[in-house]
Amino acid sequence: MSRRHYNLPPLTTLAAFETAARHLSFKSAAQELSVTPGAVSHQIKALEGDLGTLLFQRHHRGVALTSEGQALFETLSSSFGRMSKRLETIRQSQTIEKVTVGSTTAVAALWLSPAIIRFWREYPDLNINQMSQDDPFTARDDLDFIIRYGRDRNTTLPHTALYRDTLVPVGTPEAAQALSGISLQDLAQQRLIHMESDRQLWTTWPDWFQKLGHAGDLTAGSRVTSYAVALQMAQKGAGLALGWRRLVDPLIQSGKLAVIGQHVLPAPHQFYLVDLSDTGLSANATRLKDWILAELGETSV
């Protein structure tokens, strides 16, 4: 019989595994834990030895979770999230009426922040905190829910579908007038602003053209790593950006951008509101969630 009360492996091995599984990278896990990649690898090998099974499939360019690894990751992610929330509750000396929402920087700037301002005007007693980052969010004590494109890798988290956007070329109003009725083939020869991202769900210009049936070459154009920068360049006439129609609608309504031509592609995935709480959303977080759903139901593009 194990002398450990819960018959758990050393917690350092579980922490190293959860971090590596969350990033799908030993190197990134090492950076977060402030140790070497070799130390992370050693901890995971120790855990695999304790369990008698492989948790990762090692490839030349990275790692992937085995079925056992995925199951363990989901359990640990959920458990660590509950522990973190409970510890934060203990730390707090007083109850603060607040809700914290996470999203990408583009979603925050173009849609979520204006929506939260409208919500606050109706409910000034509730403080809404926002966290924006372009790296994936994970369950954490200071987040109630996130807005994300596509489903989260952790399938145990509650997902509420918000909407499915459409993808259209956008540029200056002058460009839209000059390129009115442009064919797909001619559009491919315009100066395009290419968005480069590690997030494989986001649709790129090559994806967009291929889905619409164009298999020819595209112009090299400009390449950026920030969607905000891509939209700024498009507004300045430096090229055409791939616009998420609902997200960029405020820029279109203000005349800063315009839709180019008539070619439209439904986004492959939906936007979701993902609940990061294992115990369910608080009453205030639920109030904000319901308000967002109601507003989306009332507005259309």
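Which residue of S2 is the bridge partner of Arg58? It is Val63. The pair belongs to a predicted model, in which local features need pLDDT of at least 70 and side-chain atom pairs count only at pLDDT 80 or more, while totals for chains, interfaces and linings use all residues. Residues are numbered from 1 along each chain as its sequence is written, and side-chain values use heavy atoms, with hydrogens and water left out.

The protein contains 11 helices and 13 strands. These are DSSP runs numbered from the N terminus, with at least four residues (H or I) for a helix and at least two (E) for a strand. Along the principal axes, the C-alpha atoms fill a box of roughly 80 × 50 × 30 Å. Of the 301 residues, 44% are buried. Buried means under 20% relative accessible area, exposed over 50%, and partly exposed in between, with a 1.4 Å probe and protein chains only. Among contacts between residues at least 6 apart in sequence, 77% join residues at least 24 apart. A contact requires heavy atoms within 4.5 Å.

Helix H1 (residues 11-23) meets helix H3 (residues 37-51). Their axes come within 8 Å and cross at roughly 110°. Axes are lines fitted to C-alpha atoms, for helices over the stretch in contact, and angles run from 0 to 180 degrees between N-to-C directions. H1 is therefore roughly perpendicular to H3. Angles under 35 degrees count as roughly parallel, over 145 as roughly antiparallel, 65 to 115 as roughly perpendicular and the rest as oblique. The crossing of H1 and H3 is left-handed, meaning that the near helix is turned anticlockwise from the far one by less than a right angle. H1 contributes Thr12, Thr13, Leu14, Ala16, Phe17 and Ala20, and H3 contributes Val40, Gln43, Ile44, Ala46 and Leu47. By class, this contact of H1 with H3 has eight nonpolar, three polar and no charged residues. Nonpolar covers Ala, Val, Leu, Ile, Met, Phe, Trp, Tyr, Cys and Pro; charged covers Asp, Glu, Lys and Arg; the others, Gly among them, are polar.

Strands S1 (residues 56-59) and S2 (residues 62-65) run antiparallel and are joined by four bridges. They form a hairpin with two residues between them. Two strands pair if DSSP finds at least two bridges between them.

S6 pairs with S13 (residues 271-275) in the antiparallel sense over four bridges. There, Ala161 has Tyr272 of S13 as its bridge partner.

The axes of H5 and H10 come within 9 Å and cross at roughly 60°. The two helices are therefore oblique to each other. H5 passes H10 in a left-handed crossing. Val107, Leu110 and Trp111 of H5 make the contact with Leu247, Val248, Pro250 and Leu251 of H10. These residues divide into seven nonpolar, no polar and no charged.

Seven of the nine residues of H10 (residues 245-253) are buried, so H10 is largely enclosed by the rest of the structure. The buried residues include Arg245, Arg246 and Asp249. Just after H10, Gly255 takes a positive phi of about 85°.
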